[in-house]
Amino acid sequence: MPIFKTPFNGYSVKFSPFFEHRLAVATAQNFGILGNGRIHVLDLAPSPTSHAVTELVAFDTADGVYDLAWSESHDSLLIAAVADGSVKLFDTALPPTQNPLRSFQEHSREVHSVDYNPTRRDSFLTASWDDTIKLWTVDRPTSVRTFKEHAYCVYSAAWNPRHADVFASASGDCTVRIWDVREPGSTMIIPAHEFEILSCDWNKYDECCLATASVDKSIRVWDVRNYRVPLSVLNGHGYAVRKVKFSPFRRSMMVSCSYDMTVCLWDYMVEDALVGRYDHHTEFAVGVDMSVLVEGLLASTGWDEMVYVWQHGTDPRAP
């Protein structure tokens, strides 16, 4: 399976929504504490017998890159969340000297997550340690709106895949908030965990179903129409769960990665929910994604400076 070594520590990995053999990786020097960042755009050999990885282009940044998102409307555009509080727009079809195309500087602290609107395809969200979420469009130099209700760092913001105006945000204040950009404030507050919530994601087949991942080592699945009790509590990670992502192909499947160095695959609708555990990383696993174009294709990255791409059921380390 394809393996790629980065010079810095991996933070995020995202498959392209346009090319089934392309992915981008966000990295940060010195574990993201201090130093530069680099974005790698990688091409996987399309041949099933070859497992080569080609670096198409790399972009250097003066600070660590914590997250990135592909544009849903232009196949070469990438948005990066940077540790200096900036949000940068890159065009992978242009050489590094002509990038970034744009730099948006409004957040006062590190930008931790970015998510592109998959429905309307004209806007994106950034979540920051300055406790805010911002809504942007690519063609405007300033943000469209700032959402400020959380009492602590916002680690993640995710668009609802069915409703172009609705998104969820996960915060260190132990709540998830549901927002509608047409409304003046959040429409729902879910006290989802007793500890910091690091990630959230919507089910791709049920617009009322949401997953949250926490420092308490658990993943919880919620129905936003009745959130007093979670639909499911998934235990199996040994440390904080850094990221959770629903499958684009199967309603009840999701993937997670954790500071316990593992990537886990879950089916939250069955009793033995843990259906796969991968322990290929030798440091914190902090980035994971599932291809929207190839069923069962996974990618992960971590602080061991490694990027792995593999098909579920195979060994990520296998040559």
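Predicted model: local features only at pLDDT ≥ 70, side-chain atom pairs only at ≥ 80, totals over all residues.
User: How many helices and strands are in the chain?
Analyst: The chain has zero helices and 28 strands. Helices (H or I, at least four residues) and strands (E, at least two) are DSSP runs, numbered from the N terminus.

User: What is the radius of gyration of the chain?
Analyst: The radius of gyration is 18 Å, close to the 20 Å that the globule rule gives for 319 residues, so the chain is as compact as a globular protein of that length. The radius is taken over C-alpha atoms, and the rule is 2.2 Å times the number of residues to the power 0.38. Along its principal axes the C-alpha trace spans about 50 × 50 × 35 Å.

User: And which percentage of the residues is buried?
Analyst: Buried residues account for 60% of the 319. Here buried means under 20% relative accessible area, exposed over 50%, and partly exposed in between (1.4 Å probe, protein chains only).

User: What does UniProt list for residues 152-266?
Analyst: An unreviewed UniProt entry lists "domain: EIPR1-like beta-propeller" there. The end C-alpha atoms of that span lie 29 Å apart, and the span is 0% helix and 50% strand.

User: How far apart are the ends of residues 147-189?
Analyst: Their end C-alpha atoms lie 14 Å apart, and the span is 0% helix and 47% strand. For residues 190-232 the end C-alpha atoms lie 15 Å apart, with 0% helix and 47% strand.

User: Changing topic: in what order do strands E6 to E9 sit in their sheet?
Analyst: These four strands form an open sheet in the order E6-E7-E8-E9, with antiparallel pairing. The edge strands are E6 (65-70) and E9 (102-105), each of which pairs on one side only. Two strands pair if DSSP finds at least two bridges between them.

User: How many bridges join E7 to E8?
Analyst: Five bridges join strand E7 (residues 77-82) to strand E8 (residues 86-91). Leu78 has Phe90 in E8 as its bridge partner.

User: Is strand E11 buried or exposed?
Analyst: Six of the six residues of E11 (residues 123-128) are buried, so the strand is largely enclosed by the rest of the structure. Ser123, Leu125 and Ala127 point one way from E11, and Phe124, Thr126 and Ser128 point the other way. In a regular strand the side chains alternate between the two faces of the sheet.

User: Which strands does E11 pair with?
Analyst: Five bridges join strand E10 (residues 111-116) to E11, and the two run antiparallel; Ser113 stands opposite Ala127. Five bridges also join E11 to strand E12 (residues 133-137), again antiparallel, and Ser123 stands opposite Thr137 in E12.

User: What is in the turns of those hairpins?
Analyst: E10 and E11 have six residues between them, and Arg121 in the turn has a positive phi of about 65°. The hairpin of E11 and E12 has four residues between the strands, and Asp131 takes a positive phi near 75°.

User: How many aromatic pairs does the structure hold?
Analyst: There are 17 aromatic pairs. Rings of Phe, Tyr and Trp (its six-membered ring) pair if their centres lie within 6.5 Å; planes under 30 degrees apart count as stacked, over 60 as edge-to-face and the rest as tilted. The rings of Phe167 and Trp179 have centres 5.9 Å apart and planes at 10°, so this pair is stacked. Phe167 is buried at 0% relative accessibility, and Trp179 is buried at 1%.

User: Which residues do ring pairs link into a cluster?
Analyst: The cluster consists of Tyr11, Phe31, Tyr66, Trp129, Tyr259, Phe284 and Trp303. Phe284 is in the loop between strand E25 (274-278) and strand E26 (285-290), and counts as partly exposed at 27% relative accessibility.

Key:
Residues numbered from 1 in each chain as written. Heavy atoms only, no water. UniProt positions renumbered as here; feature names shortened; annotations may be inferred.
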